[in-house]
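Let me put the model up and then walk you through it.

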Amino acid sequence: MKNNLSLQALKKALAGFVAIGLLLFLPAGTLHYWNAWLFMALLFFPMILLGIFMLFKSPDLLSKRLDAKEKEMEQKWVVALSGIMFVTAFVVAGMNFRYSWHLLPDYITWIAATLFLLSYMMYAEVIRENAFLSRTIEVQENQKVIDTGLYGVVRHPMYSATLILFLSIPLILGSLLSFVIMLVYIPIITVRMNNEEKVLEKGLEGYKEYKNRVRYKVIPLVW
């Protein structure tokens with residue numbers, strides 16, 4: 001099983017590397033787009049390390065995340081819109097570098113890179129805390145409410161991590177225009193969370209009580 005998972009994960013990582021590289025370097029018109037190389041290193045090295053950790057610690061969870069397919073029609077639209085958002089943001093970032101529309105200073109890039117890595121660490125902690133974490137909206141067999149650790153602070157710490165991670169990407173790439181595009185993720189994630197909570201309230205025992213105990217979804221005292 002682990003060999004098959006390793007091969008499947010490697011194929012997905014390689015496909016992602018090639019796809020993102022094309023979306024960034026072709027519009028940039030050069031391979032000397034150092035922000036893009038930095039971003040890809042920050043994205044794929046931790047991803048590989050996290051995949052290895054999950055392979056040995058929780059192979060079932062890794063399998064679920066690799067084979068994830070949304071069942072809810074509303075979530076299929078969310079995934080499609082997210083894909084369009086990413087493609088647009090990457091292409092614009094490459095063109096921004098090529099034509100020097102509005103290049104952000106290097107110190108912004110390094111601050112964003114730090115935030116990116118911190119969000120990855122937060123994401124790893126969420127995976128450690130919640131063995132039922134899935135890329136799709138569903139209630140799994142024997143699933144229970146997780147209300148400790150980060151889940152005792154906000155109800156959706158995974159989205160907290162992805163919000164920081166996604167919004168730091170265009171800053172790493174040095175593109176303010178791409179940052180504006182990535183702000184579309186906020187309404188996208190709102191739709192996804194609202195749908196997810198409906199599913200969990202309906203199918204997961206104790207989730208309504210958990211919502212009463214933990215008031216905030218993503219950002220304490222804010223959201």
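This is a predicted model: local features need pLDDT of at least 70, side-chain atom pairs count only at pLDDT 80 or more; totals for chains, interfaces and linings use all residues.

Residues are numbered from 1 along each chain as its sequence is written, and side-chain values use heavy atoms, with hydrogens and water left out.

Of the 223 residues, 44% are buried, where buried means under 20% relative accessible area, exposed over 50%, and partly exposed in between, with a 1.4 Å probe and protein chains only. Take the contacts (heavy atoms within 4.5 Å) with a separation of 6 or more: 77% of them join residues 24 or more positions apart.

So which residues touch the most other members of the largest nonpolar core? They are Leu-24, Phe-39, Phe-116, Ile-169 and Leu-173, out of 50 residues in that core. By nonpolar core I mean buried Ala, Val, Leu, Ile, Met, Phe, Trp, Tyr and Cys residues joined through side-chain atoms within 4.5 Å. Helices giving two or more residues include H1 (2-28), H2 (34-57) and H6 (157-172), and H6 brings the largest share, nine residues. Look at Leu-173: setting aside neighbours within four places in sequence, its contacts include Leu-24, Tyr-33, Phe-39 and Phe-90.

Now Trp-34, which sits in helix H2. Trp-34 counts as partly exposed because its relative accessible area is 33%. Beyond the neighbours within four places, Trp-34 contacts Asp-106, Thr-109 and Trp-110. Its C-alpha is 9.9 Å from that of Gly-174, 140 residues apart along the chain.

Last stop, the surface. There's a nonpolar patch made of Leu-14, Phe-17, Val-18, Leu-22, Leu-26, Leu-31 and Trp-37, with about 720 Å² of accessible area together. Patch residues have over 30% relative accessible area and no salt bridge, with nonpolar side chains (Val, Leu, Ile, Met, Phe, Trp, Tyr) joined within 5 Å and like charges within 9 Å. A salt bridge here is a Lys or Arg side-chain nitrogen within 4 Å of an Asp or Glu carboxyl oxygen, and areas are Shrake-Rupley with a 1.4 Å probe, only the protein chains shown counting as cover for residues. H1 gives the most to the patch, five residues. Leu-31 is in the loop between H1 and H2, and counts as exposed because its relative accessibility is 56%.

Methods. Helices (H or I, at least four residues) and strands (E, at least two) are DSSP runs, numbered from the N terminus.
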